[in-house]
Amino acid sequence: MPSLGADMAAGTLVEWLKEPGDAVEHGDIIAVVETDKGAIEVEVFEDGTIGELLVEAGASVPVGAPLAKIKAAGEAIAEVGPSPAPTKAVSPQPAPEKPVVAPAKIGFQSETRASPAARKLARERNIDLTSINGSGPEGAIQLADLEAASKGPAPGAAPGPDLSAMRRAIAAAMARSKREIPHYYLTHSFEISQALDWLDRYNAGRAPPERLILGALLFKAVALTLVEFSEFNGHLDNEGYKASGAVHLGSAIAIRGGGLAAPCIRNTNTLALPELMAKLRDLVTRTRRGQFRSSEISDGTATVSSLGERGVESLLPIIYPPQVAIIGFGSIVQRPWAHNDELAVRPVLTTTLAGDHRANDGHRGALLLRQVEALLNDPEAL
Amino acid sequence: MNVSESRAIVIEEIEKIAPDVAPVSIGDDEDVREALDLDSMDIFNLIAALHQRLGVDIPDADAAKFVTIGTAAEWLAEHLDS
C-alpha cells in the first residue's frame with residue numbers, strides 16, 4: 001500500500017485490475033485503492049508477471065504492506081509494496097462477471113465506463129452496471145448514478161472526489177505543515193510582458209488543441225529553476241532532508257465545490273511545453289474526477305499553486321509535507337511600472353515562495369524567484 | 001447554424017469537460033468562470049472541444065468570447081454561417 005501523504009495510515013483496496021499470470025510493465029495500473037484523497041490508481045514499477053494477490057478487494061491495508069507478488073522474468077517473486085512481509089493471509093479475488101479489460105488512460109474500463117467508486121458500490125449492492133445510464137464523460141457511470149438507481153436521488157451527491165473526506169485529508173496535512181514546518185515567505189513582483197507576447201505569437205498560428213496557456217510556462221519555469229536549487233526540491237523526514245535527483249512538480253488543483261489536490265507530473269523539467277501542456281490538461285481533468293495515480297500523489301518534490309484566476313495579486317501557500325517548498329502565483333495586474341527609465345503601464349505578476357527553514361533559507365530562495373523571473377523573460381528557453 | 005443551436009452545443013461541451021457543473025442553470029450573459037467556477041484550463045478545453053466537434057478555428061484572440069454562453073453561441077453562429 002503506497003503512502004499517499006504523511007498523514008495516511010491505511011487505504012482500502014477497491015479493485016484488482018490484474019490477475020495472477022498477467023504480464024505487467026513499469027507504469028501499468030494494477031489496482032484501485034480508496035483513500036481520503038479519493039480513489040487512487042496503484043501503479044507497478046517493474047516488469048514481470050503477477051504471481052500472487054496478497055490482499056482481497058474490500059480489505060483495509062496499512063501503508064507499507066505488500067499488495068501482490070510479481071515474478072520478474074527468470075527471477076524469484078518480488079512483492080509490490082515497500083514492506084517485505086505480508087500482513088494477512090488472503091485469497092485472490094473471484095473472477096469478475098465481466099472480463100476485466102485494460103484500464104483506459106483516465107481510469108475507466110473501456111467496456112462499461114464507470115468510476116472506481118461506482119464499480120465498488122455496484123459490487124457491494126450487486127448492481128449490473130450495464131443497466132445504469134452514466135451521466136459522466138462519454139456516458140461513464142458515476143457514483144451518483146448508482147445511488148440514484150438504487151436509493152433514489154442522493155442530495156448533494158456529485159461526480160468527483162468525496163469532498164468531506166478530502167477536507168479531512170487537507171486539514172490533517174495542512175495542520176501538520178503549519179505545526180511542524182518553520183515556514184518563511186518571499187515575494188517578488190516582475191513584469192510579464194515578454195512571456196505574454198511570446199504566448200500570443202506561439203498560439204496565433206496554431207489550432208486550439210495545440211495552444212498553450214500561461215500556466216504551462218509558469219510550471220516549466222519553476223521546474224527548470226528547481227534543477228539548480230536542489231535544497232528546495234525533495235523530501236524531509238525523520239532522517240533529514242533528501243534532495244531529489246528529479247523534478248516531479250506538483251500542481252495545486254482546486255476541486256469545484258471545495259477541496260484541492262496537488263498531484264505531480266514526473267520529470268517536469270524534461271518535458272517540452274506541448275507535452276507538458278498535454279499532461280497538465282490530463283492531470284487537471286482526472287483530478288477533478290477524483291482519479292489520481294499513486295505516484296502522482298506521493299512523488300511530488302515541490303508544488304506550484306496559482307490563484308491568479310481568482311483575482312488575487314499574491315498568495316501565501318502552505319508547504320505540502322514532506323516537501324520543503326511551494327511557489328505561488330497571483331493574478332496578472334496592469335500596474336504603473338518603470339520601464340526604460342520611464343513610467344509605463346505593464347502587466348505585472350507576483351510570485352511567492354514558501355520555504356522550509358529546516359532545508360533551505362531566504363538568500364537562496366530569493367535567487368530562486370529571480371531565476372523564475374529570468375526564465376519567464378526568456379520564454380524561448382522554456 | 002443559428003444561435004439557439006450553437007448555444008445548445010456550447011452547453012453540451014461544458015457539461016462534458018466539467019460534468020460537475022450545470023451550465024443550463026446560468027444566464028447567457030454570466031461569466032462561466034464566476035458562475036460555474038471554470039478556470040483557464042476549462043476554457044481552453046471548451047475551445048478545443050468546439051474546434052474538434054465543429055471544425056471551426058477559433059482564434060486565440062477571440063477566446064475571451066467564450067467566457068459566456070451567449071457570446072460563445074453568437075460567435076459560433078456567426079462564423080459557422082459564413
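Predicted model: local features only at pLDDT ≥ 70, side-chain atom pairs only at ≥ 80, totals over all residues.
How are α5(A) and α6(A) oriented to each other, roughly parallel or roughly perpendicular? Residues are numbered from 1 along each chain as its sequence is written, and chains are lettered from A and ligands numbered from 1 in the order in which they are written.

1. Let us start with chain A as a whole. Its secondary structure comes to eight helices and 20 strands; helices (H or I, at least four residues) and strands (E, at least two) are DSSP runs, numbered from the N terminus. Chain A has 382 residues, and 46% of them count as buried. A residue is buried if 20 or more other C-beta atoms lie within 10 Å of its own, exposed if 12 or fewer, and partly exposed in between, with C-beta atoms placed from the backbone. Of the contacts in chain A between residues at least 6 apart in sequence, 61% join residues at least 24 apart. Two residues are in contact if their C-beta atoms, placed from the backbone, lie within 7 Å.

2. Now for the opening question. Helix α5 (residues 214-227) and helix α6 (residues 273-288) of chain A have axes that come within 10 Å and cross at roughly 110 degrees. Axes are lines fitted to C-alpha atoms, for helices over the stretch in contact, and angles run from 0 to 180 degrees between N-to-C directions. α5(A) and α6(A) are therefore roughly perpendicular to each other. Angles under 35 degrees count as roughly parallel, over 145 as roughly antiparallel, 65 to 115 as roughly perpendicular and the rest as oblique. A:G215, A:A216, A:F219 and A:K220 of α5(A) make the contact with A:L273, A:L276, A:M277 and A:L280 of α6(A).

3. Helix α3 of chain A (residues 163-180) is worth a look from its end. Its buried residues are A:M166, A:A169, A:I170, A:A173 and A:S177. Down the axis of α3(A), these buried residues fall within an arc of 100 degrees, so they line one face of the helix; the arc is that of the directions from the helix axis to the C-beta atoms. On the other side of α3(A), the exposed residues are A:S164, A:A171, A:A175, A:K178 and A:R179.

4. Buried in α1(B) are B:S6, B:R7, B:V10, B:E13, B:I14 and B:I17. They cover an arc of only 130 degrees around the axis, which puts them on the same side of α1(B).

5. α1(B) has a partner in helix α3 (residues 40-54) of chain B: the two pack at an angle of about 125 degrees, with their axes 10 Å apart. α1(B) and α3(B) are therefore oblique to each other. Just after α3(B), B:G55 takes a positive phi of about 70 degrees.

6. Finally, do pick out B:E13, which sits in helix α1 of chain B. B:E13 is buried, with 21 other C-beta atoms within 10 Å. Leaving aside neighbours within four places in sequence, B:E13 is in contact with B:L46, B:A49, B:L50 and B:R53.
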